[in-house]
Amino acid sequence: YFWAASMAIDSRAKYQALKYLNQSLMINPSEKKLDDYILYWKQAVNNNKNYKVSKTGGKKLPLVSIVTPSYNGGKYIEECIQSVLNQDYPYIEHIIQDGSSTDKTKKVLKIYQKSQYQHRIKIFVEPDNGQSDALNKAIQKTKGDIILVLNADDMLLPYAVSWGIEQMKNYPEYGVIYGDSYIIDENGQIIDINKS
């Protein structure tokens with residue numbers, strides 16, 4: 001609901017935005033989420049800006065660029081995209097660099113090329129020379145202060161980006177932050193934990 005409220009703001013549907021925000025806060029009351037929402041509202045509605053690097057209370061809120069190299073990952077890519085859309089951190093751009101997939105990836109990506117996603121997801125389809133080349137192309141298209149690499153067959157937990165932002169604040173001398181990760185099977189069942 002919080003994500004839907006942000007999308008409604010992007011569409012200038014203020015009534016819908018407030019309705020979704022209300023539902024979000026009823027499910028999970030959060031003063032921080034409300035503060036983030038107000039900041040997003042001010043940026044998108046009052047200043048006619050999309051989500052960008054912002055300041056609130058003297059603290060910088062960075063834009064996070066999530067980059068996803070993709071090739072024939074149609075079986076998993078929708079869950080990957082949804083996991084990004086479900087993040088509780090609102091300042092995210094998702095760059096998907098697909099190497100001209102021949103499976104159902106094309107059909108899934110078409111769903112997310114609709115105008116309602118244009119401020120959140122950027123999809124590029126072109127041949128590449130493998131995963132590293134696709135990743136390099138995607139990174140060159142980012143605008144964020146922080147880059148997160150998320151492969152097409154991976155997913156983020158709903159608070160992953162917020163957690164990463166918090167850790168980077170706690171350890172400003174670090175250039176890279178890693179979290180633990182669940183290893184899941186093709187049905188989404190956890191089979192192991194990778195301690196980072």
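Me: In which sense do β7 and β8 pair, and over how many bridges?

Reply: Let us begin with the general idea. Strands of a sheet pair through backbone hydrogen bonds, either parallel or antiparallel. In this structure, which is a predicted model, β7 and β8 are paired in the antiparallel sense, with four bridges.

Me: What is the order of the strands in the open sheet of four strands, and in which sense do they pair?

Reply: The order is β5-β4-β3-β6, and the pairing is parallel. β5 (121-125) and β6 (146-149) are the edge strands; each has a single partner strand, so one side of each has no neighbour in the sheet. From one strand to the next, the twist averages 20°.

Me: How many bridges join β3 and β4?

Reply: Strand β3, residues 64-70, and strand β4, residues 92-98, are joined in the parallel sense by seven bridges. As an example of residues facing one another across the two strands, S65 is opposite E93 in β4. When you look along any such strand, keep a general rule in mind. In a regular strand the side chains alternate between the two faces of the sheet.

Me: Which strands does helix α4 lie across, and which does helix α6 lie across?

Reply: Helix α4 (residues 77-85) lies across β3, β4 and β5, and runs at about 165° to β4. Helix α6 (residues 131-140) lies across β3, β4 and β6, at about 150° to β3. A further helix, α7, can be read through its buried residues, which are V161, S162, G164, I165 and Q167. These buried residues pack against β3, β4 and β6.

Me: Is V84 buried or exposed?

Reply: The general idea is to compare the relative accessible area with a cut-off: a residue counts as buried under 20%. V84 has a relative accessible area of 6%, so V84 is buried. This residue lies in helix α4. Leaving aside residues up to four places away in sequence, V84 touches I66, I92, H94, L150 and L156.

Me: What is the volume of the largest cavity, and which residues line the cavity?

Reply: In general, one reads a cavity by its volume, then by its lining. The structure holds one cavity of 30 Å³ or more, and the volume of the largest cavity is about 80 Å³. Its lining consists of F2, W3, S6, V84, L85, Q87, Y89, P90, I92, H94 and R120. The elements giving two or more residues to this lining are α1 (2-10), α4 and β4, and α1 gives the most, with three residues. By class, the lining has seven nonpolar, three polar and one charged residues.

Me: What is the volume of the largest pocket, and which residues are the closest to its centre?

Reply: The largest pocket has a volume of about 1,500 Å³. Of its 44 lining residues, L150, M155, L156, D180 and S181 are the closest to the centre. Two or more lining residues come from each of α4, β6, α7 (160-170), β7 (181-184) and β8 (190-194). The largest share, six residues, belongs to α7. By class, the lining has 25 nonpolar, 11 polar and eight charged residues.

Me: How many helices and strands does the protein chain have?

Reply: The protein chain has seven helices and eight strands. Of its 196 residues, 38% count as buried. Finally, among contacts between residues at least 6 apart in sequence, 69% join residues at least 24 apart.

Note on methods. Residues numbered from 1 in each chain as written. Predicted model: local features only at pLDDT ≥ 70, side-chain atom pairs only at ≥ 80, totals over all residues. Heavy atoms only, no water. Pairing = 2+ DSSP bridges. Axes fitted to C-alpha atoms, helices over the stretch in contact; angles between N-to-C directions. Contact = heavy atoms within 4.5 Å. 1 Å grid on protein atoms, 1.4 Å probe; cavity = no way out; pocket = protein on both sides within 12 Å on 5 of 7 lines; lining within 4 Å. Points joined across faces, edges and corners; volume = space filled by probe spheres on them. Nonpolar A, V, L, I, M, F, W, Y, C, P; charged D, E, K, R; others polar. Buried < 20%, exposed > 50% of the residue type's maximum accessible area, 1.4 Å probe, protein only.
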